[in-house]
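Please look over the model below before reading on. My comments come as numbered points.

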Amino acid sequence: MQKKSACMQVLVWFAAIAGTIFPAVGTMAEDLSGKEHRATSLSGQWQQAEGIVSRGPDGKVIFLYGEVQPTVICSPLQVCDIELQAGEVVRDVLVGDTVRWKVEPATSGSAAGQSVHLIVKPSESGLDTSMVVTTSRRTYHIKLKSHPSSYMARVGFEYQEDVALRLDEINARMQANTIAGAGVPAENLDFGFRLEGSARWKPTRIYTDGAKTYIQFPNALSGGDAPVLFVISGGQNRIVNYRLNDTMMVVDYLIDHAVLVSGVGRQQQKITIRRRG
């Protein structure tokens, strides 16, 4: 009985020492404060979120940059090609497991718009690590996993700023093809008008959308007295209503024959407008 009692005391003493040296996992987790729990939870949500994955050209797997932490699946004896944005300069590549994961750089494209490729190779399957890539434009946080046979041959990213840039380019092209005043493409307008006479404010162009007539004056009109528009009907000159917006005169109907008049007497200037057809 004494031997058993002594053994029990030794076991209790050893357990106490072991608990001090090797605290339980649950105990370590409990050391996190409420704020720390929330922070790790938020980080986990970003890491584990599904996100949007789409197919790009030549079988490339496309991730939307910054939406979630992308996971790249690689396989032993195969290579994963992670392509970055053209013109992006890589500063550093940091991998959690540098022993069993190898990352080698490569480039493609012309010197003016080269793209950096990160060629990722695991040494065995069942591995899980993370990689951080810092560049001249952004920082990539990527999760790496290795599988016995499945892998992503090509990986790339879609960038929100690229989408915004493409929209700006489309809007610029539309504006370039849109005529001032009417706000519609030039192919939908009728420019069949003839001008006669001479004046410093002679219109640069006249057109109609079928409902209104638009008279565009040169910038010389800005700050000066605008001419008066008379529509000629039955041999009589009739003053009509119109709106003058900076250098654009808008008449609320289609005119066939009209005259623009400025000044009186010898100083009078006149431009006659006739619609062809």
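The notes below go from the overall fold to single residues.

1. Basis. This is a predicted model, where local features need pLDDT of at least 70, side-chain atom pairs count only at pLDDT 80 or more, and totals for chains, interfaces and linings use all residues. Numbering starts from 1 along each chain as its sequence is written, and side-chain values use heavy atoms, with hydrogens and water left out.

2. Overall. The protein has four helices and 19 strands. These are DSSP runs, numbered from the N terminus: H or I of at least four residues for helices, E of at least two for strands. Of its 277 residues, 30% count as buried (buried is under 20% relative accessible area, exposed over 50%, partly exposed in between; 1.4 Å probe, protein chains only).

3. Contacts and surface. Take the contacts (heavy atoms within 4.5 Å) with a separation of 6 or more: residues 24 or more positions apart account for 59% of them. The accessible surface is about 17500 Å², and 54% of it belongs to carbon and sulfur atoms. Areas come from the Shrake-Rupley method with a 1.4 Å probe; for residues, only the protein chains shown count as cover.

4. Largest core. A nonpolar core is a set of buried Ala, Val, Leu, Ile, Met, Phe, Trp, Tyr and Cys residues joined through side-chain atoms within 4.5 Å. The largest holds 21 residues, and Val72, Ile82, Val120, Met131, Ile142 and Phe157 touch the most other members. At least two residues of this core come from each of S3, S4, S7 (115–122), S8 (128–135), S9 (139–146) and S10 (154–158). Apart from it lies another core, of 16 residues, including Trp201, Ile206, Val251 and Ile255.

5. Met131. Leaving out residues up to four places away in sequence, Met131 touches Ile82, Val93, Leu94, Val95, Val103, Leu118, Val120, Tyr140, His141, Ile142 and Leu144.

6. Which way does Leu77 face, buried or exposed? Leu77 counts as exposed, because its relative accessibility is 86%. Its phi is near 70°, a positive value in a residue other than glycine. Leu77 sits in the loop between S3 (71–74) and S4 (80–83). Asp246 also has a positive phi, near 60°. The loop holding Asp246 runs between S16 (242–245) and S17 (248–251). Asp246 is exposed, at 58% relative accessible area.

7. Helix H4. Leu167 belongs to H4 (residues 160–176). Leu167 is partly exposed, with a relative accessible area of 48%.
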